[in-house]
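Please take me through this structure one selection at a time. I have it open in a viewer and would like to know what to select next and what is there.

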Protein chains: 2
Amino acid sequence: MTRFVLCAGSTETAEIDGISAAGADSAVMAHTPSADAEILTYGEPIRSPVVPVSPSGCPTPAALSRVVLASLDVDLTVVDAGLQRPTAAPTVTVGARPGEDIRESDPVSTAPGAFAAAREFGRALPDDEVFLAETIPGGTTTALGVLEALGEADAVGGVSSSLPDNPLERKREIVTAALASSSLSPGDAAGDPTVALRRVGDPVLATAAGIAAGAIETDTAVTLAGGTQLLAVAACLRHAGYETELPVATTTFVAEDPAVDLEDAADTLNLSISAMDPGFSDVHPAEAAYLAGEAKEGVGMGGALALADRLRLPRSEIRTEFRRIADRLTERTKPIAGDDR
Amino acid sequence: MTRFVLCAGSTETAEIDGISAAGADSAVMAHTPSADAEILTYGEPIRSPVVPVSPSGCPTPAALSRVVLASLDVDLTVVDAGLQRPTAAPTVTVGARPGEDIRESDPVSTAPGAFAAAREFGRALPDDEVFLAETIPGGTTTALGVLEALGEADAVGGVSSSLPDNPLERKREIVTAALASSSLSPGDAAGDPTVALRRVGDPVLATAAGIAAGAIETDTAVTLAGGTQLLAVAACLRHAGYETELPVATTTFVAEDPAVDLEDAADTLNLSISAMDPGFSDVHPAEAAYLAGEAKEGVGMGGALALADRLRLPRSEIRTEFRRIADRLTERTKPIAGDDR
C-alpha cells in the first residue's frame, strides 16, 4: 500500500513582503495550508474561509494532487505540522506549532519534539511506501535557511519560488539575517539537522524529515514529493546519517527554474530526481499561470503525477478534472463576508 | 460519494465499575476510541499503546468496519469528539472535550459548542451521503441518560451493552443519579436536546447529532451506523425538529438484545432500522465472542455491513479478512512495556 502524507504548517517568515505567492495576501496566506489540506481531502475548502490562489489568480497545486488522489486507491494522511488556522481536514498531531520569522533567535522551538513524534509516527506506519508532500507559504525561504545551515546551499544552487520572478536575493538576505540571529555561519549545523530546523527552518521541514526518518528505519520506501523544500528534507536526512535511496518527484516547472540546479542536488545528496510534466497548455488560464512560472510545485504535485503515471491514470483525464476544480476554486476566491478566523 | 464518519470520544462515566467491556480494564479503556480510530485508518494500532479487546479477549468491532472500508471506495473521516488519549489517526476538531461522569452537574460543557461546530462541518461536507458511527466506552449509559432526559427511554425499551450480561439496572441507577444531579426529571429536556446532551450525555452524541443536523440541512443523506447510541442521536434530531428520513444500520446482535426494542424505537422515532448479520460462526474465537453477546456493535459495524451489501462485497471475504485482523489484534493485547500515555 502507498500512503500520501501531506505535512501542512506555517512560518511567520511568509509575512515578509514579497517572498511568497501562496495566497492573495498575507492574511489569506495564513489559511493556505489549512485550505490545501481541505482541498486534498474533500476537493474544496470546507472550513477555510478563503481559497488558496496566487495574487494573479493561479489556483493551488492541491487542485492537481486532489484529482490524482481521488482517482487512485492511495490513502491520504494530513499531518498538522504547525497550522495557524483551523482546518476541517482530519489531521495527525505531532506537537508542531507555527514557526516564527527565522530572523528570530529560536523560531521553531517545537522542531526537535515534532521531529521525534513524527519519526515515531513514520516508524509505526504500516505502509509499504509513503509519498511525503508539503504546504507552507514562505517554505522555500526556510528551506534555503536549512540548506545554508547544513552547508548544502551551493549544491542546490538556490531555491525555487511560487512567484514567476523568484526573489532569491531577498531570500538570501533573510537567511543571512536568520543565521546571524542564531549565531550560525553557513555549514555550522552540518551533521546536526535538528539545529538547522529549529534555528533557521520551519515545522513542516522538521515534521517531514521526522516521518521520513521513521519510515526509512522500518523499511518503508519514501518518495519526497516536492521541489526545493523536499531537497532540504533530503539534506536533513543525509546529515542525520540516513544513506538509503531517496527518490524525489517534482514538476518540470521546478526543473526549469534557473534558480535551482536539480542535477547538482541529485549528485551531492545522492538522489534520483524525476521532473513530471502535467502537459499544461495556454488554453486554460490556470494552466497558463503554471506555464508562466506561478506556483510551480507544492502539495505533492510532482509526486501525484508520478503516482498517476505508475497507475496509468492518463494526463488528459487529470487535466480535464484539474480544470474543473481550478474553475470552481477561482469562482470562490472572495473571502466569506464577516468571517475573519 | 459516500463518507464514513467516526465520532471518537470519551466519558468518565465509563470508569464506573462494570458498565463497559470496551477494553480490558478502565486504564486500557481510555485508549479504546483512539485505538479504534487507528484501526479504522491503518488496520492496526499505531500510536495507541493498547489494543481494544474486551476482558475476555473479544476484539473491537473496528476490525470488521476496517475490513469493509479498506475494500470499498468509501472515504473515512474521524472526528475528535472528546478523545482522552493521543491517536495517530487524522482527526477533525470540533471543540469537543472528554465528558465527565454524568453524575456531575455539568459533565459535557462542550456539548453545545461541539454540536454547533459539528453542524457547520456537516453542512460543509461535499458528499451525497454520510454514515455516522461512534466509539466511546460507557456510551450506552450516556445514551440512556439522553433518552431519559428527552422522555424517549420507554420507546427504546433500554439500551444495549458491550457485555453479554447487560448491567441495565446499574445503568438506570446511574442515569437516575445523573438526572438528579442536574435537577432534571425524565422528559424535562424534551424539545431541547442540547440540554440532554450537556447534562446527562456525552461529547460523541453531541458531535454525531451536530454532524447529522448539518448534513440533513444541506440534503446530504444520513445513515446512523450503530445501535442504541445512534438511536439516542436519532432522538436528539427528532427533538430538534428534523423530520427527514433516518435509516439506522445496526447489527443482529443489537436486534437480538432483549434489553432493546428496535421496533418500538423505529415506530416512535420514525426510523427505518436494518439489522445486519455478519454471518459469524463458533469456529473462530473472535466470532464466537460476538455470538456469545460481547461487543455487539460499535465503530459503525452494522453500517459497514450495509455498505458491503450495497457494494456487493461478499460476507465470506469480510469474515476471512476480519479473522486475520482479529488474530493480529489479540496477539498484541499486552500494553507496550513502560508506555503509560
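Begin by selecting T223(B), which is buried at a relative accessible area of 9%. Here buried means under 20% relative accessible area, exposed means over 50%, and partly exposed lies in between, with a 1.4 Å probe and protein chains only. T223(B) sits in strand β5 (residues 221–225) of chain B. Helices (H or I, at least four residues) and strands (E, at least two) are DSSP runs, numbered from the N terminus. Now show what surrounds T223(B): apart from neighbours within four places in sequence, T223(B) is in contact with E129(B), V130(B), F131(B), L132(B), P247(B) and A249(B). Contact means heavy atoms within 4.5 Å.

Two notes on the model come before the next stop. This is a predicted model, in which local features need pLDDT of at least 70 and side-chain atom pairs count only at pLDDT 80 or more, while totals for chains, interfaces and linings use all residues. Residues are numbered from 1 along each chain as its sequence is written, chains are lettered from A and ligands numbered from 1 in the order in which they are written, and side-chain values use heavy atoms, with hydrogens and water left out.

Next, display both chains and look at the interface. In it, 19 residues of chain B are in contact with 20 residues of chain A. The two chains bury about 1,500 Å² between them, 56% of it on carbon and sulfur atoms. Buried area is the accessible area (1.4 Å probe) that two parts lose on being put together, summed over both. Select Y42(B), R47(B) and P90(B): they supply 31% of the area that chain B buries against chain A, more than any other three residues.

Which elements of chain B each supply at least two residues of the side that touches chain A? They are α2 (32–42), β2 (75–81), β3 (91–96) and α4 (111–124) of chain B. β3(B) gives the most to that side, with 4 residues. By class, the side of chain B that touches chain A has 12 nonpolar, 4 polar and 3 charged residues. Ala, Val, Leu, Ile, Met, Phe, Trp, Tyr, Cys and Pro count as nonpolar, Asp, Glu, Lys and Arg as charged, and the others, Gly among them, as polar.

Move to chain A and select helix α3 (residues 62–71). The buried residues are A62(A), A63(A), L64(A), S65(A), R66(A), V67(A), V68(A) and L69(A). Their cover includes β1 (2–8), α2 (32–42), β2 (75–81), α14 (301–310) and α15 (315–331) of chain A.

For the aromatic rings, the count over all chains is 12 pairs. Select F253(A) and Y290(A), a tilted pair at 5.9 Å centre to centre and 45° between the planes. Rings of Phe, Tyr and Trp (its six-membered ring) pair if their centres lie within 6.5 Å; planes under 30 degrees apart count as stacked, over 60 as edge-to-face and the rest as tilted. F253(A) is in helix α11 (residues 252–255) and Y290(A) in helix α13 (residues 285–291) of chain A, 37 residues apart. F253(A) is buried at 8% relative accessible area, and Y290(A) is buried at 0%.
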